[in-house]
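Notebook open. I'm going through sheets, cores and cavities in this one.

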Amino acid sequence: MRLREALSRRAEWASTLSIMAAVGALACQPGGAPGAPSVGGGLAQLMQERELTESDVMAALKTYTPTGKLDEYYLFASGGHSGQVLVIGLPSMRLLKVIGVFTPEPWQGYGYGGDSGALFDAGEKHGRKMRWGDTHHPALSETGGDYDGEYLFINDKNSARIAVIDLRDFETTQIVTSSLIENDHGGTFVTPNTEYVIEGPQYPAPLGGGYADIADYAEKYRGAVILWRFNRETGKIEPDKSFAIELPPYMQDLSDAGKLASDGWIFLNSFNTERATGGTAEGKPPLESGASQNDMDYMHIINWRRAEEMVAEGKTKQIGGLPVIPLDAAAGDCLWFVGEPKSPHGLDVTPDGKELVVAGKLDTHATVYSFEKIKGLIDAKKFVGNDDYGVPILPFEESIRGQAELGLGPLHTQYDGAGNAYTSLFIESKVVKWSVKDLKVLEKIPVHYNVGHIVAAEGDTVSPDGRFLVSLNKWAIDRFMKVGPLLPQNFQLIDIGDGSETMQLLYDMPIGIGEPHYAQIVKADKLNPKEVFEPIGYNPRTRAKDPNAATSGEERIERRPDGVHVWMTAVRSRFTPDLIRVKEGDTVHLHVTNVEQAKDATHGFGIGSHNVNLSLEPGEHENVTFVADDPGVYPFYCTEFCSALHLEMAGYLLVEPNE
Ligand code: CUA
């Protein structure tokens, strides 16, 4: 069906183009057919004026989405060190939303005084309030290894935190962290039924925090992979049902969960098995050269169902608020290694779960591991030895099916539904399409440039769609108008069709915020986002009607022992009450409810000089508490253009001085 659709689509385009070209040619001829449609002449002329080739026009036809027409896919991309998540429609590449996650976002009233403050507080590290994050790898929730469109998870590499986004309202609803690890990278990824959201570490440090000299790196520094238990009903990660596994002080990297044939297992890459620590000012080689000595690093193979049993058997110790399976217990019971060449980066399980593709960024190959072989070697206890921490190492040659020679700097792999893999080549600045079965290169397409991750439509699930692939490139040096030395990133949309066709570059989309690392593309019809919040008074952070929801006709101001409480409603075009009188030093608790249910009736609520801004979408409730410690007159107003009388939607906070 997919093939036929794609072919007929392609045929349609071809015939449309040839008709247009024919009409254009006709209309362009001097003395051409009288009454020839002017659109044809217009097209040919436009193509000439704008110096567009037929292939440009073909690309435009594949991406142009007329007003009112909806996209077929959502692309969720990390926003890098903006700390946010980008929501983009495909194939139009229109930016729909930047979801506030680890960084405050004023339009959404996120992190400016409302209930989202509690999310940020939950993400404190070492008692410090963090107000940015480095988002890397978004993961959509899965059922049976396929995206189900319910939740999105994303990590903050900088401070080892995980956020949950509810795709019913595109709001961040939870940030979790622990003091176990200081930094993460191999995450987020989910087990096939989203039992766990997994956070793999990167730069080792003493587990649980605390000091140890770098000279004690091999003995006292560690990594740990955290399996955060996810409760689909509540939409929350449950830290008290989560656990971790201690890992050696290698730098664990990208990771993936097994599925179908390999369900129950997770796989983490690593580099710096040399355990280099840098020390350039202390007469030692830099970390990067120290970390690139070994020909092989270790893929970490973890049986997470066995790890679950070990937790139930009490084979853990409590570190950083989590039960942790110690390395000596994990080794050979739920944790094994196999070599991977050399300084590997991407690790991507094939759609059938039977094989794992590892790209070595300093190697020209992708290595294809067989899960069946790996499992057989583990069951037969066939090892070539142990590492320094007692973890058994599987024989490399017997664990793989083969290697595909791909090119320079292979990084990340995605799949289509036709048995092809697509791997980014960082050094070549290309995407290579190759056959998983034959390990043969089929085609390469140049991308511009510095490609990191690539993402195909549902390309890391059990049933990839093919059709579209996006290359996530860094630093677009000559693609766009100049905006100073800090260069935009470039998302390039590529048509991969049904896998049988030549790849075609369709569209360049500059990204003007932090470096987007990974992204996922999901069919739009899998999501069912709300249009308004129901019931009225709904608090998206708690996912329930707020106990302090205000009702029309029952708005009030009450002085209580803990301060002045204001139950306020917002409706086009007024706040009730609109005068708030307090005394200097009062703690003020505002409970503001947008009591409207019309789809576009969003209000904002900003108070001058108090760093407060709320977004009150239809039906939404927000609570905000502040101390009115500076006597004065502070206007507050609606920050959304909600109606003709939007400017009149305002009021005053009157802070009367103490005598
Ligand atoms: Cu309500 Cu502007």
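I started with strand β26 (residues 430-435), which pairs with β27 in the antiparallel sense over 6 bridges. Pairing here takes at least two DSSP bridges between two strands; strands are DSSP runs of E, at least two residues, helices are runs of H or I, at least four, and both are numbered from the N terminus. S435 stands opposite K440 in β27.

Housekeeping: this is a predicted model, with local features needing pLDDT of at least 70 and side-chain atom pairs counting only at pLDDT 80 or more, while totals for chains, interfaces and linings use all residues. Residues are numbered from 1 along each chain as its sequence is written, and side-chain values use heavy atoms, with hydrogens and water left out.

Back to the sheet. I get an open one of 4 strands, ordered β24-β25-β26-β27, with antiparallel pairing. Its edges are β24 (410-415) and β27 (440-446), each pairing on one side only. Neighbouring strands are turned by 25° against each other on average, direction ignored (axes are lines fitted to C-alpha atoms, with angles from 0 to 180 degrees between N-to-C directions).

Next sheet: open, 5 strands, order β38-β44-β43-β40-β41, mixed pairing. I find β38 (579-583) and β41 (612-616) at the edges, and the twist averages 15° from one strand to the next. Strand β40 (residues 603-607) runs antiparallel to β41, joined by 5 bridges; F605 has L614 as its bridge partner.

Then I looked up the cores (sets of buried Ala, Val, Leu, Ile, Met, Phe, Trp, Tyr and Cys joined through side-chain atoms within 4.5 Å; buried is under 20% relative accessible area with a 1.4 Å probe, protein chains only). The largest has 27 residues, and V225, I245, I266, I302 and L335 have the most contacts inside it. Elements giving two or more residues to this core include β10 (223-231), β11 (236-247) and α7 (304-312). Another core, of 25 residues, lies apart from it, with V564 and F636 among them.

What does I266 touch? Among its contacts (heavy atoms within 4.5 Å) I list F189, V225, D256 and W304, not counting residues up to four places away in sequence.

Last, cavities: sets of points on a 1 Å grid where a 1.4 Å probe fits but cannot get out, lining residues having an atom within 4 Å of a point. Of its 29 lining residues, F189, S255, D256, D460 and Y518 lie nearest the centre. β12 gives the most to this lining, with 4 residues.

Technical notes
Buried < 20%, exposed > 50% of the residue type's maximum accessible area, 1.4 Å probe, protein only. 1 Å grid on protein atoms, 1.4 Å probe; cavity = no way out; pocket = protein on both sides within 12 Å on 5 of 7 lines; lining within 4 Å.
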